[in-house]
Amino acid sequence: MPTTYRSLFRTPEFTPLFLGSAAQNAGGTVGGLALGTLVYRTTGSPLLSALSMFGPSLAQVLGATFLLSGADRLPPRTTLAVISATFAVGTAGMALPGLPPGVLLAAVLLLGLVASLGGGVRWGLLNEILAKDGYLPGRSLFNMMSGLVQVTGYAAGGALLAAVSPRACLLLAAALYLASAVVVRLGLTDRPPRAAGRPSVAETRRTNALLWSSRPRRLTYLGLWLPNGLVVGCESLYVSYAPDAAGTLFACAALGMLAGDVTVGRLLPPAVRTRMATPLLLLLATPYLLFFLHPPLALATVCATVASVGFGASLVQQERLMSLTPEELSGHALGLHSAGMLTLQGVGAALAGSVAQLTSPASAMTLMALASLAVTLTLATAGRQERKVPATVPVGR
């Protein structure tokens, strides 16, 4: 019998993990928009605004290199609660008046380093809580929640920024992070780590090398990271493209992401779903080509909504990643996916902001979309060549 969304909430520990993640996501949505707006109002720089919103993702590469073995070797309840509490304190600190942009950027990079463990711990725990056939619908439901929270958060954040200061919104984000820490601490059981041994830099590197040694996994990771990161570079320019309506663009993009997750997670049969990664990634980038024409806000919101349906490709790719990964490495593998994805999102934001600084936000969006399309087609070609390799020839599985 297929797993339903309703049955997931009857699974012990799913609900507190879900609610804690929702509060964490809400804090990131409101806080990110507030910080990006604060920096743009202060500096007028598209680059600094993009980095303030997506800069924490750049620190994920350090976490993936040095800390990721902790995803399977630290107690999940304590780790998730500490991460949320750290974000609460750090975000409240960024609300202090008079902090220069450099200090704010340094703070968000440090928080990004702390967050690098979160993806591996959370998704590894989800994989442990749910039955094997429950991970895809469970992750789909988390993605839907993320879309709804972002739609609400960006719309509410945009309205709040029109009424109160960005610093007041940062304090609201800090309160949401604190709520996440409380829900996780009180709602989850004190499970032992999934793997024995202490977290270490050497173990992180060894497992990363093992995961990366498989060519099918490499192609899957690159497909999860690169097209996504380049398109998030487009999104990072919403504030500089439409300073007074960035919240609307972000909310519409989140709505499209929600539609994509529902379609992939619940509506597409498995036989169709496995073939949809490349078409969805092409959809993810193509609407941003229209930004070269500097579309008005109404058309820009349609483009953002339609494009974000393509984020549903990540569910297909994650399902493939899990099929290629030993169960005892699931947390580390999902953590590497999360850290790599967020790192490339930060790189995409920095690259898009740099191009926008030299040209314009609209031109930068177009160039990032072209790059995403080129990468997607290249990876699709490499995947087809891999499937043509005879079964007797090893492919690094």
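This report describes salt bridges, nonpolar cores, a surface patch and selected local features of a predicted model.

## Basis of the description

The model is predicted: local features need pLDDT of at least 70, side-chain atom pairs count only at pLDDT 80 or more, and totals for chains, interfaces and linings use all residues. Residues are numbered from 1 along each chain as its sequence is written, and side-chain values use heavy atoms, with hydrogens and water left out.

Helices are DSSP runs of H or I with at least four residues, numbered from the N terminus. Burial follows relative accessible area with a 1.4 Å probe and protein chains only: buried is under 20%, exposed is over 50%, and partly exposed lies in between.

## Salt bridges

A search of the whole structure finds 6 salt bridges, each defined as a side-chain nitrogen of Lys or Arg within 4 Å of a carboxyl oxygen of Asp or Glu. In one of them, the side chains of Arg-73 and Glu-203 meet at 3.0 Å, N to O. Arg-73 belongs to helix H5 (residues 70-73) and Glu-203 to helix H11 (residues 201-212), so this pair ties together parts that are 130 residues apart in sequence. Both Arg-73 and Glu-203 are buried.

Arg-77 forms a salt bridge with Asp-190, with 3.9 Å between the closest N and O atoms. This pair also links distant parts of the chain, 113 residues apart: Arg-77 is in helix H6 (residues 76-94), while Asp-190 is in the loop between helix H10 (166-187) and H11. Arg-77 is buried at a relative accessible area of 14%, whereas Asp-190 counts as exposed at 52%.

Arg-191 forms a salt bridge with Glu-128, the closest N and O atoms being 3.1 Å apart. Arg-191 lies in the loop between H10 and H11 and Glu-128 in helix H8, and the pair links parts of the chain 63 residues apart. Glu-128 counts as partly exposed, at 33% relative accessibility.

A network of salt bridges links Glu-13, Glu-128 and Arg-191. Glu-13 lies in the loop between helix H1 (5-8) and helix H2 (14-43), and counts as buried at 11% relative accessibility. Its phi is near 80°, a positive value in a residue other than glycine.

## Nonpolar cores

A nonpolar core is a set of buried Ala, Val, Leu, Ile, Met, Phe, Trp, Tyr and Cys residues joined through side-chain atoms within 4.5 Å. The largest core has 71 residues, of which Leu-35, Tyr-238, Tyr-241, Phe-250 and Tyr-288 touch the most other members. Helix H14 (residues 246-267) supplies the largest share of this core, 7 residues. A second, separate core of 39 residues includes Ala-71, Ile-129, Leu-334 and Ala-339.

Contacts here mean heavy atoms within 4.5 Å. Leaving aside residues up to four places away in sequence, Phe-250 touches Leu-33, Met-53, Phe-54, Tyr-154, Glu-235, Tyr-238 and Val-239. Ser-308 is found in helix H17 and counts as buried, at 1% relative accessibility.

## Helix H19

Helix H19 (residues 330-358) has 29 residues and reaches 42 Å from its first C-alpha to its last, close to the 42 Å expected at 1.5 Å a residue; the expected span is 1.5 Å times one less than the number of residues. Of the 29 residues of H19, 22 are buried, so this helix is largely enclosed by the rest of the structure.

## Surface patch and loop residues

Val-61, Leu-62, Phe-66, Leu-67 and Val-201 make a nonpolar surface patch of about 370 Å². Such a patch consists of residues with over 30% relative accessible area and no salt bridge, with nonpolar side chains (Val, Leu, Ile, Met, Phe, Trp, Tyr) joined within 5 Å; accessible areas come from the Shrake-Rupley method with a 1.4 Å probe. The largest share of the patch, 3 residues, comes from helix H4 (residues 60-66). Val-61 lies in H4 and is partly exposed, with a relative accessible area of 40%.

His-294 occupies the loop between helix H16 (277-285) and helix H17 (297-308). The phi of His-294 is near 50°, a positive value in a residue other than glycine, and His-294 is partly exposed at 48%. Lys-132 lies in the loop between helix H8 (118-129) and helix H9 (135-163) and is exposed, with a relative accessible area of 73%.

Definitions and conventions. Helix = DSSP H or I, 4+ residues; strand = E, 2+ residues; numbered from the N terminus. Patch = residues over 30% accessible without salt bridge, like charges linked within 9 Å, V, L, I, M, F, W, Y side chains within 5 Å.
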